[in-house]
Amino acid sequence: MRVDRRVFLLTAASAAACSWKRERSSLTRAAQYLWAQQAADGGFHSATYGLLRSGRSLTPFVIGALLRVPDATVPAPAGAVDRAIAFIRRHTSVDGAVGVTGGNADYPNYATALAVDALVAAQRRSWTADIAPMVAQLRAQQFSEANGWTPEHTAYGGWGMGGAIRRPPDAGHVDLSMTRFVLEALRASGVDGSDPAMTRARVFLERSQNHDGGFFFSPVMPALNKAGQSAEGFVSYGTTTADGVLALRASGVPDSDDRIARGIAWLDRNHQPDGVPGFDEGESPQASWRTGLRFYYAAAIARVRPQQRVRLPEQADDGSFRNANGRVKEDDPLIATTFAIQMITRAGS
């Protein structure tokens, strides 16, 4: 049957418009839900996980996503952004680390990187002064020559959890996800690809990429690689491969570069709309990661390959999202809903 091209284009345009209306409605409800969770102290506090109850890492994570919701869709409540920024400032140590004050450490490098991202997005009058010690702290946390690390060390160029500076031979926890978030924060602050921190980071990123183009989580700690090992080494999977591409971009590598092209090709070959590619769908120990990371993957793949569609669990009546699989805390609606907002608002960024 012959289909008239004009009819086809009109039908496609109508379908795209309907899809956008659904996404905008979903975004509106999700943003309204998150704003309603802001506490009187300006922070966003988990009611699901004790470690995240302090709000030190969750607050910059949530407010960074909400700041990218267009005012025409959901305007921020009066004073809400400034209260969140004040909360972040109160929980920043004198040396620029977020997430280390007031008790147990709350993912300091994540929290500090997310705080930089949020403050840059908010563009309040003192933002450059606010982020300066945070950027200095992130620079100090890199596994670099300043801390005794050389290119011969597997951890060289990457970032770990944060806290006390680590020196050889004890690298502790080092992974691609934290490295990506720090690199994006440095890039947002104005650090360019020729900076030594970026040059060092690319050494770590290259160590984390497989011959098939995909990436794995950590060359330093084998047990952290969620998809396991094969005869060739650590198995590539979707979240880490998206992280690898985004980290390379943040470090100044252009999309025309073979490292990024191979990563994108891996994602195109293996993409799954309802879970993270790279994991078995059966009963293996790794299988639960496939759905446990689905919101993180949705947010990341939307930026790397926005044309790849994803299916998330149904949005709740209150506007929130939740993952029934709590393997990586996505059963917390503050986390899942924030990732859902990132998926909708940051596609292609």
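Is Arg 290 buried or exposed? Arg 290 is buried, because its relative accessible area is 10%, and buried here means under 20%, with exposed over 50% and partly exposed in between (1.4 Å probe, protein chains only). Before we look further, a word on the model: it is predicted, so local features need pLDDT of at least 70 and side-chain atom pairs count only at pLDDT 80 or more, while totals for chains, interfaces and linings use all residues. Residues are numbered from 1 along each chain as its sequence is written, and side-chain values use heavy atoms, with hydrogens and water left out.

Arg 290 sits in helix H10 (residues 289–292); helices are DSSP runs of H or I with at least four residues, numbered from the N terminus. Its side chain makes a polar contact of 2.7 Å with that of Gln 272, a polar contact being a pair of N or O atoms within 3.5 Å, where within protein one must be able to donate a hydrogen and the other to accept it, and residues adjacent in sequence count only if both atoms are side-chain atoms. Leaving out residues up to four places away in sequence, Arg 290 also touches Asp 274, Phe 279 and Glu 281, among others; contact means heavy atoms within 4.5 Å.

Next comes helix H11 (residues 294–304), where eleven of the eleven residues are buried, so the helix is largely enclosed by the rest of the structure. Those buried residues pack against H10, helix H6 (176–189), helix H8 (238–250), helix H9 (258–270) and helix H12 (333–345).

**The core and its helices**

The largest nonpolar core has 95 residues, and those with the most contacts inside it include Trp 35, Val 116 and Leu 186. Such a core is a set of buried Ala, Val, Leu, Ile, Met, Phe, Trp, Tyr and Cys residues joined through side-chain atoms within 4.5 Å. Beyond its neighbours within four places in sequence, Leu 186 is in contact with residues including Val 135, Leu 138 and Trp 159.

Two helix pairs are worth a look. Helix H2 (residues 58–66) and H12 pack at about 30° with axes 9 Å apart, and are therefore roughly parallel. The axes of H4 and helix H5 (residues 127–141) come within 10 Å and cross at roughly 150°, which makes H4 roughly antiparallel to H5. Axes are lines fitted to C-alpha atoms, for helices over the stretch in contact, and angles run from 0 to 180 degrees between N-to-C directions; under 35 degrees counts as roughly parallel and over 145 as roughly antiparallel.

**Loops**

Ser 251 lies in the loop between H8 and H9 and counts as buried at 0% relative accessibility. A polar atom of its side chain is 2.8 Å from the backbone oxygen of Leu 248. In the loop between H5 and H6 we find Pro 169, joined to Pro 168 by a cis peptide bond with omega of about 5°.

| Residue | Phi | Relative accessible area |
|---|---|---|
| Tyr 107 | about 45° | 23% |
| Gln 123 | near 55° | 45% |

Tyr 107 belongs to the loop between helix H3 (80–90) and H4, whereas Gln 123 is in the loop between H4 and H5.

Technical notes. Parallel < 35°, antiparallel > 145°, perpendicular 65-115°, else oblique.
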